[in-house]
Amino acid sequence: MNFELTEEQLAVRDAARDFAQTELLPGVIERDENQIYPKEQVKKLGELGFMGMMADPKYNGGGMDSISYVLAMEEISKVDASCSVVMSVNNSLVCWGIEKYGNEEQKEKYLTKLTTGEHIGAFCLSEPEAGSDATSQRTTAIDMGDHYLLNGTKNWITNGGTASTYIVIAQTDADKKHHGINALIVEKGMDGFVVGKKENKLGIRGSDTHSLMFTDVKVPKANRIGEDGFGFKFAMSTLNGGRIGIASQALGIASGAYELALQYSKERKAFGKEISQHQAIQFKLSDMATQIEAARLMCFHAAALKDQGKDYVKAAAMAKLFASKAAMDITVEAVQVHGGYGFVKEYHVERLMRDAKITQIYEGTSEIQKIVIARELLKK
Ligand code: CAA
């Protein structure tokens, strides 16, 4: 087993780290406070090749491996998890989904623009009454011959307002249950498609989360991904990889909070010495660093399995389950290390604590990850 990163992987990590420090850090508090989408920053991420990292260069992708993706996600998330969720959804769910299961025409038309960040993608599965229970889709895509007639509402859609390309999961034949579901590529501007209210969130406040409404939207048959009835499998399979992205986001939030706590503990003095010299703080730092090390290895493991073409369903769910819990625990402790300063915005850790929570909710709650893991364990 080789734990050494390659020169290319290290270069990706350094480029992401540099970008986060120079482009993301300066405005991150204001964007969080005022719910400002990082438009310019996302554009630059596209120019750097971070919006379609793993896609084939023939579709303008970066042709990088999933380990590089984990590294970049960690660095961006350390500083701005609102920006990294935009990147994660675009890379893992939209670009990967279209590249893996779309046809050549769809790849040419959509993927080539998503990989560069010229277009942003959204993945639309959740509904007011179908979150964890994803088979209970109420959005319908009725087969009209040459097109589908799409009706329904989607909720909590990341990139909901800023995206141009939406992958919408909808029920075509309820009698067939999950085998009657389709995944359709919907373009912003199609008649009957309306972007609904923007959510005012606890964390990742710079990201753009909306409800979406579809009323008699005519979606050409050519925009269906895969065979008729493949939509649920498509969603599940795409989310498996998405979980590596969110695990890496959680890892970044955790390591960002840890680094701030470490630095602060060496500067702040109490009872006549730096607080890092008190065992109470040392225990916290040791616990944080240990959890981060484990989370990072779990992310790498899932990513390596994916790159090797092996089954990564369990590894990805475990990485997300563990890393998101670590992010929550570590950010709470980082606030504690900072004392009263941790409770105010200038010190960044309160934001990281708020951002951490969503990693235990989206792309499958922690409870869903346990279901996925248990199924894989029992299968064997
Ligand atoms: N990978 C591949 N296929 C899978 C799968 C997986 N992880 N899990 C299930 N499937 C397949 C099954 O094999 C089955 O297919 P067949 O019938 O052909 O064999 C089919 O899907 C149905 O499986 P189940 O009967 O097991 O389905 P279920 O109704 O019991 O639900 C579930 C399974 C795991 C709970 C699933 O509903 C789930 O993952 N829910 C969570 C949904 C989720 O993650 N939502 C996040 C929204 S997206 C988001 O957050 C993006 C964003 O904006 C950040």
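The following legends describe close-up views of a predicted model.

View 1. The largest share comes from α7, which supplies 6 residues.

View 2. The shell consists of 24 residues, and the closest are Ser132, Thr158, His178, Asn240 and Arg375. Sorted by class, the shell contains 11 nonpolar, 9 polar and 4 charged residues.

**View 3. Polar atoms at the ligand.** A polar backbone atom of Ser132 lies 2.8 Å from a nitrogen atom of the ligand. For Asn240, an N or O atom of the side chain is 2.9 Å from a nitrogen atom of the ligand. At Glu363, a polar backbone atom is 2.9 Å from an oxygen atom of the ligand. The ligand taken alone exposes 1,100 Å², of which the protein buries 76%.

**View 4. Glu127 in a loop.** The loop between β1 (121-124) and β2 (140-143) contains Glu127. Glu127 counts as buried because its relative accessibility is 2%, and buried means under 20%. Arg138 is 11 residues from Glu127 in sequence, and the C-alpha atoms of Glu127 and Arg138 are 7.6 Å apart in space.

Definitions and conventions. Residues are numbered from 1 along each chain as its sequence is written. This is a predicted model: local features need pLDDT of at least 70, side-chain atom pairs count only at pLDDT 80 or more; totals for chains, interfaces and linings use all residues. Side-chain values use heavy atoms; hydrogens and water are left out. A residue is near a molecule or strand if one of its heavy atoms lies within 4 Å of it. A polar contact is a pair of N or O atoms within 3.5 Å; within protein, one must be able to donate a hydrogen and the other to accept it, and residues adjacent in sequence count only if both atoms are side-chain atoms. Accessible areas come from the Shrake-Rupley method with a 1.4 Å probe; for residues, only the protein chains shown count as cover. Helices (H or I, at least four residues) and strands (E, at least two) are DSSP runs, numbered from the N terminus. Ala, Val, Leu, Ile, Met, Phe, Trp, Tyr, Cys and Pro count as nonpolar, Asp, Glu, Lys and Arg as charged, and the others, Gly among them, as polar. Buried means under 20% relative accessible area, exposed over 50%, partly exposed in between (1.4 Å probe, protein chains only).
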